[in-house]
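User: Please take a close look at how the parts of this molecule pack together. Give me one connected account, with the cut-offs as you go.

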Amino acid sequence: MMALPPYASPLERLWRVAFILLCALVLLFLISPILAIMPLSFNSEPYFTYPMPGLSMKWYADFFQDPRWLDSVRASVFIAVCTTGLSMVFGTLAALGLSRSNFPHRALVMAFLISPMIVPVVITAVGMYLFFATLGFNNTYFGIILAHTALATPFVVITVTATLIGFDQSLIRAGASLGAPPMTVFRKVTFPLILPGMISGALFAFITSFDEVVVVLFIASPDQRTLPKQMFSGIREQISPTIAAAATLLIISAALMLVTVELLRRRSERLRGISS
């Protein structure tokens with residue numbers, strides 16, 4: 001947010017204060033459900049009630065000792081890591097192609113690539129279920145990874161494309177004029193400059209896969225339980241504060257990754273020489 005000039009009128013200063021207050025209230029409204037759930041993970045009683053009679057860490061101990069929760073975490077990490085790797089390859093290649101000035105129908109291709117972010121996930125899940133059923137990919141980890149890759153790749157495309165907007169194409173031409181082959185130019189010139197965008201996209205892809213539950217409900221078998229699916233099943237079968245503990249851990253992990261993305265964005269700006 002830009003600072004007010006020193007000659008700003010009292011009305012402008014009042015409007016700035018009101019605007020900041022309004023933004024704070026909107027932010028509080030959006031995160032209030034999170035703020036309400038997180039303390040319940042420390043409740044000493046197995047109920048979602050306020051006021052809490054006491055504090056306890058037993059629900060976190062239950063989370064790290066129950067084989068069902070640990071198996072779901074392992075499955076989520078495995079799927080998210082595979083999804084992140086595929087998304088980085090496909091998304092980076094797509095962004096590099098779209099960054100070329102002579103790429104035909106660039107807007108149409110970009111709209112197609114980011115469509116999974118726009119189409120409701122339920123519709124996407126139904127379409128993937130019907131399509132994967134004909135290929136025999138339902139009830140397999142391979143099918144889940146492919147589905148999550150389709151959902152996560154747009155984030156990589158957008159972040160890498162945003163990095164390439166400030167990319168100086170003359171660097172590539174300079175490398176080529178010095179006799180370097182295309183792969184050497186990419187490895188020593190292009191790759192270091194777009195790396196922050198790639199890492200940011202990878203973090204978004206990991207979060208997208210790790211938190212996704214709708215597609216998993218359609219494609220996965222009953223024995224294939226990711227962490228969000230285990231939480232969803234727990235809500236339906238037996239409500240326990242262990243679910244709140246799992247949700248708190250997910251929220252903290254996502255927050256740390258978003259902080260990492262912001263640090264990488266600032267580093268990318270410094271590398272491109274546009275940091276203020």
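Analyst: Of the chain's 276 residues, 36% count as buried. Buried means under 20% relative accessible area, exposed means over 50%, and partly exposed lies in between (1.4 Å probe, protein chains only). The model is predicted, so local features need pLDDT of at least 70 and side-chain atom pairs pLDDT 80 or more, while totals for chains, interfaces and linings use all residues. Residues are numbered from 1 along each chain as its sequence is written, and side-chain values use heavy atoms, with hydrogens and water left out.

The chain exposes about 16,400 Å². Carbon and sulfur atoms supply 73% of that area. Accessible areas come from the Shrake-Rupley method with a 1.4 Å probe, and for residues only the protein chains shown count as cover.

There are 12 helices and 0 strands. In sequence order the pattern is α-α-α-α-α-α-α-α-α-α-α-α. Both element types are DSSP runs numbered from the N terminus: helices are H or I with at least four residues, strands are E with at least two. Take the contacts between residues at least 6 apart in sequence: 65% of them join residues at least 24 apart. Contact means heavy atoms within 4.5 Å.

Now the helix packing. Start with α3 (residues 67-98) and α9 (residues 182-211). Their axes come within 8 Å and cross at roughly 140°. Axes are lines fitted to C-alpha atoms, for helices over the stretch in contact, and angles run from 0 to 180 degrees between N-to-C directions. α3 and α9 are therefore oblique to each other. The classes run like this: under 35 degrees is roughly parallel, over 145 roughly antiparallel, 65 to 115 roughly perpendicular, and the rest oblique. α3 passes α9 in a right-handed crossing. Right-handed means the near helix is turned clockwise from the far one by less than a right angle, and left-handed means anticlockwise.

Which residues of α3 and α9 meet? From α3 come Val73, Ser76, Val77, Ile79, Ala80, Val81, Thr83, Thr84, Ser87, Met88, Thr92 and Leu96. From α9 come Phe186, Thr190, Ile194, Met198, Ala202, Ala205, Phe206, Ser209 and Phe210. By class, this contact of α3 with α9 has 14 nonpolar, 7 polar and no charged residues. Ala, Val, Leu, Ile, Met, Phe, Trp, Tyr, Cys and Pro count as nonpolar; Asp, Glu, Lys and Arg are charged; the others, Gly among them, are polar.

Thr84 shows this contact in detail. Thr84 is found in helix α3. At 11% relative accessibility, Thr84 counts as buried. Leaving out residues up to four places away in sequence, Thr84 touches Ala202, Ala205 and Phe206.

Helix α9 also packs on α7. The angle between α7 and α9 is about 155°, with the axes 8 Å apart. α7 and α9 are therefore roughly antiparallel. Their crossing is right-handed. On the α7 side, the contact is made by His148, Leu151, Ala152, Phe155, Val156, Thr159, Val160, Thr163 and Leu164. On the α9 side, the contributors are Leu193, Ile194, Gly197, Met198, Ser200, Gly201, Ala202, Phe204, Ala205, Thr208 and Ser209. The contact of α7 with α9 comprises 12 nonpolar, 8 polar and no charged residues.

α3 and α7 pack on each other too. Their axes are 6 Å apart, at an angle of about 45°. α3 and α7 are therefore oblique. α3 passes α7 in a right-handed crossing. This contact of α3 with α7 has 19 nonpolar, 8 polar and no charged residues.

Some other sites complete the picture. Val109 lies in helix α4 (residues 106-113). At 28% relative accessibility, Val109 counts as partly exposed. Beyond four places in sequence, Val109 touches Leu98, Phe103 and Pro104. Val109 and Leu98 are 11 residues apart in sequence and 8.3 Å apart, C-alpha to C-alpha.

Met52 is found in the loop between α1 (10-37) and α2 (58-65). Met52 has 24% relative accessibility, so it counts as partly exposed. Setting aside neighbours within four places in sequence, Met52 is in contact with Pro39, Leu40 and Asn43. The C-alpha atoms of Met52 and Phe42 are separated by 8.8 Å.

Asn139 lies in the loop between α6 (121-135) and α7 (141-165). Asn139 is not a glycine, yet its phi is positive, about 65°. At 46% relative accessibility, Asn139 counts as partly exposed.
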